[in-house]
Amino acid sequence: MAGIDKLRAPKGTRDILAPDSARQRHLVDRFAAIVESAGYGQVISPMFEDVAVFSRVGESTDIVTKEMFAFTDRDDPPQHLALRPELTASIARAFVQHRPTAPWAVWYEGPQFRYERPQAGRYRQFMQVGVEVLGSADPLADVDTIVLAQEFFDDIGLTDTSLMVNSMGDEQCRPAYLDAVRGHFTEHAAALSEQSRETLAKNPLRVFDSKRPPDQPIIDTAPSLVDHLCADCLAHFDDVRSALDRLEVDYVLSPRLVRGLDYYRRTTFEFIAPGLDTAQNAIGGGGRYDGLVEQFGGPPTPGVGFALGVDRILLACDAADVFAAPDDSADVFIVDVVGGVEASVLSQQLRRAGLVVTRGFDQRSMKAQMKLADRSGARVAIIIGEQELSDGAVTVRHLRADSDQHAVPYPDIVSHLQELFR
RNA sequence: GUGGUCGUAGCUCAGUUGGUUAGAGCGCCGGGUUGUGGUCCCGGAGGUCGGGGGUUCGAAUCCCCUCGGUCACCCCA
């Protein structure tokens, strides 16, 4: 096994270096701009919470039963904590704790943690952005969130996405549907894969998630959720769909779409990136979760929201060749062969003037510094040597299209470069 | 948790049927007469061949174990 000299980022985590780090930040910035234009306010909640916060989102979900980074602290008695595996639960907890006036429309961004085996598009620490609206049962609130996600994808140029929509029903109609599904799968249990038979015993709906070929024909012939909706759920769903139509948001009705968290009621949706040829091509998902707030001891409060996977979205952008990493080239590189302090003084002035200025250290040769200047991507190099010092000027050398160079009197250098980069 | 696959310099890789001081390209550092990058030329640094054990006169190469990456299942963003 590797010794301490081979330390690396923990399994399923990674370092994101420039310029990809700036790309990710830019993506989050775009999301923030869009949802804040719709009046959503940011919530920054803790990275870890009492485990009870997460266990309330569904005792039978994998996220809770086997994917949590849980630990105890050194309090007496110890607190049972967990790194957050998702953020809807934290938002519901915060709603109950602070009791903001409803409807409460919020957005968030940040890392989530799940103890899973990593693979393409799946990490133990992964970044999400999302929104939640608590306190409105209006189907148009569902639509509002969906439209924001769609606007976001359009904004970043990721046009190759599919929106899948379904209704999970509610406590009125879901039990009967569950019975129907359980009956159907039980009837064909012999033909199901062994894993699906196990899933059937725990949560029949989850069988729909199976990708195993033998299960497909049985899944295809299973009863459809939309055919079993009660009048209220059907009306809600119809309102969502007609509003999406009116807003010209394309979607695919997906009666087999079940989501992995137990708290969903009525509307559920998922965004797929067909261009991603990995097993994980769901770049976002969400839905309505009326009743969740009650489980946190709050008043009856409907809610709807979604989370988008930033890492997967960026993978999809790579595949579609859109939303490239920003150019992190410097504007100016200062070559100083008279000790380096002049470069410090001038870079301070130029940075204050709004330019991106880098320089060399360690008093390296002019040739070496010029190489660094070239590599920095800077459009111009400023050269300060003995000659320039005695002349009271600096040499400005262009590095890109042409390689002109000329002397600029020291007092004029800031305005000269501001002009050049305006 | 299960399975496939891979693990040789910072990166991408080559290393023939096991055979001497383990190579290339890129990158990095220095130089190409004393102040100028990007092309070119020359030179240099850098590897316990993931780790451990075994077979053998001899192992990067064969066997076992282990760790890690990666992909897939499960599940999800």
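Start by selecting Thr72, which sits in strand β3 (residues 70-72); helices (H or I, at least four residues) and strands (E, at least two) are DSSP runs, numbered from the N terminus. This is a predicted model, in which local features need pLDDT of at least 70, side-chain atom pairs count only at pLDDT 80 or more, and totals for chains, interfaces and linings use all residues. Residues are numbered from 1 along each chain as its sequence is written, and side-chain values use heavy atoms, without hydrogens and water.

Thr72 is partly exposed, at 46% relative accessible area (buried is under 20%, exposed over 50%, partly exposed in between; 1.4 Å probe, protein chains only). Then pick Val51, 21 residues from Thr72 in sequence and 9.7 Å away, C-alpha to C-alpha.

Next, select the open, mixed sheet of 5 strands, ordered β13-β12-β14-β15-β16; two strands pair if DSSP finds at least two bridges between them. β13 (357-359) and β16 (405-409) are the edges; each has a single partner strand, so one side of each lacks a neighbour in the sheet. From one strand to the next, the twist averages 30 degrees (axes are lines fitted to C-alpha atoms, for helices over the stretch in contact; angles run from 0 to 180 degrees between N-to-C directions).

Zoom in on β12 (residues 332-336), which pairs with β13 in the parallel sense over 3 bridges. Ile334 has Arg359 in β13 as its bridge partner.

Now show helix α12 (residues 341-352), which packs on the sheet and touches β12, β13 and β14 (380-384); its direction makes about 160 degrees with that of β12. Finish with helix α15 (residues 413-421), also packed on the sheet, touching β12, β14, β15 (393-398) and β16; its direction makes about 165 degrees with that of β14.

Note on methods. Chains are lettered from A and ligands numbered from 1 in the order in which they are written. Contact means heavy atoms within 4.5 Å.
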